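I open this notebook to record what I looked up in the model, entry by entry.

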Amino acid sequence: MSVRSVQGSESPGTGMQAGARFFKQRFWRGIVCALVGAGLWGFSGACAQFLLSNYDITPPFVTAVRMLGAGLLFLVVLAVRQRERLAAMLRDRRTAARLVVFGAVGLYLCQITYAIVIDYTNAGTATVLQCTGIAFVMLFTCVIGRTLPRAKEFVGLVAAMFATWLIATQGDPSALSLPLPGLVWGIANGLSVAFYIMYPKRLFAEWGSFAVTGVGMFVGGVAAALVWLAGGLVGGQSLALPTLDAAGFLVFGLIVVVGTFAAFALYLHGVSIVGSVKGSLLGAIEPVSATLFSALWLGTAFSGADWAGFVLMIAMIFLVTDEKPPKEESGAAAVDGAAASTKIQDGRGGAA
């Protein structure tokens with residue numbers, strides 16, 4: 001009996017089970033990628049804190065270097081491994097325009113508005129306001145889909161936002177200083193977070209998360225560099241490059257390669273698998289990661305509020321991940337989806 005005849009003799013139930021296993025494995029891979037990527041953002045926060053505390057460096061300069069450096073790294077990898085896809089993306093005018101919007105409006109605005117909120121308030125308040133992006137993602141998803149959020153996701157939202165508030169403010173309401181400009185920019189930051197998570201969904205489906213993230217990061221880096229230059233030429237800010245020692249160069253390299261390149265590649269790939277709502281909730285692990293790295297590297301001590309926030313974040317992760325793949329991805333549909341996914345990986349819209 002030939003191999004083909006053996007394959008043809010498989011029952012539909014066997015194919016359905018294989019498809020269900022494929023989607024389950026893919027779902028958990030997305031969970032892990034989103035968690036690791038968001039965790040690396042926390043590492044980048046510790047790196048930024050180290051640089052800003054020990055060297056004459058401004059937030060716009062850090063933002064420009066990390067985004068432009070990571071964007072160039074993305075392009076090098078794409079030029080080596082996915083050259084044809086990169087060329088096709090850039091030739092497609094509609095795709096190129098959407099990539100500019102994703103990079104300059106989504107990725108860059110997320111970074112720069114966060115820095116502006118810190119300038120008007122403080123890092124703790126800015127972190128709390130940034131997590132409004134989770135609520136915006138859930139709100140927009142429900143409005144677009146004309147449905148209510150799942151109970152577990154809603155409880156996870158409450159847990160994530162309260163945990164972030166505890167970690168950022170240590171449970172002291174007076175720590176939240178909210179002048180009107182800080183509040184306005186904080187809401188803008190939350191909207192930009194929701195935008196860069198939700199906007200590239202179709203781009204991911206067509207071109208793959210790695211290629212889209214890479215080009216978008218480079219575009220955002222160019223925008224950040226132009227804004228930094230404009231600040232020097234028009235705003236009178238110094239454009240002199242900072243003096244760095246070996247430790248400074250090492251940390252800058254880490255924030256570019258690990259805290260930006262790897263973090264965004266993993267997180268947005270995870271979002272492309274698990275969806276915008278779950279992805280935004282899992283991204284709330286960032287303040288936990290930042291606190292851990294600050295404690296282990298910079299000597300920051302844990303408090304009772306930190307531990308309470310950690311427990312709530314862990315509970316949120318269990319709430320978000322304790323679900324089976326959607327029903328439409330089970331059974332016969334799962335078999336078709338697995339085949340389609342394999343086709344995408346081999347074709348123009350390959351996964352990261």
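**Cysteines**

I began with C33, which is buried because its relative accessible area is 11%, where buried means under 20%, exposed over 50% and partly exposed in between, with a 1.4 Å probe and protein chains only. C110 is also recorded as buried, at a relative accessible area of 5%. I then searched the whole structure for disulfides and found 0, taking a disulfide as a pair of cysteine sulfur atoms within 2.5 Å.

**Basis of the entries**

I am working from a predicted model, in which local features need pLDDT of at least 70 and side-chain atom pairs count only at pLDDT 80 or more, while totals for chains, interfaces and linings use all residues. Residues are numbered from 1 along each chain as its sequence is written, and side-chain values use heavy atoms, with hydrogens and water left out.

**Aromatic rings**

I counted 10 aromatic pairs in the structure, a pair being rings of Phe, Tyr and Trp (its six-membered ring) with centres within 6.5 Å, stacked if the planes are under 30 degrees apart, edge-to-face if over 60 and tilted for the rest.

**Nonpolar patch**

I noted a nonpolar surface patch of about 810 Å², made by L139, F140, V143, I144, L180, L183, V184, I187 and L191. The elements giving two or more residues to the patch are α7 (132-145) and α9 (180-198), and α9 provides the largest share, 5 residues. Patch residues have over 30% relative accessible area and no salt bridge, and nonpolar side chains (Val, Leu, Ile, Met, Phe, Trp, Tyr) are joined within 5 Å; a salt bridge is a side-chain nitrogen of Lys or Arg within 4 Å of a carboxyl oxygen of Asp or Glu. I checked L139 in helix α7, and found this leucine partly exposed, with a relative accessible area of 45%.

**R146**

My last entry is R146, in the loop between α7 and α8 (151-169). The phi of R146 is near 55 degrees, a positive value in a residue other than glycine, and R146 counts as exposed at 80% relative accessibility.

Definitions and conventions
Patch = residues over 30% accessible without salt bridge, like charges linked within 9 Å, V, L, I, M, F, W, Y side chains within 5 Å. Areas by Shrake-Rupley, 256 points an atom, 1.4 Å probe, with all protein chains shown as cover. Helix = DSSP H or I, 4+ residues; strand = E, 2+ residues; numbered from the N terminus.
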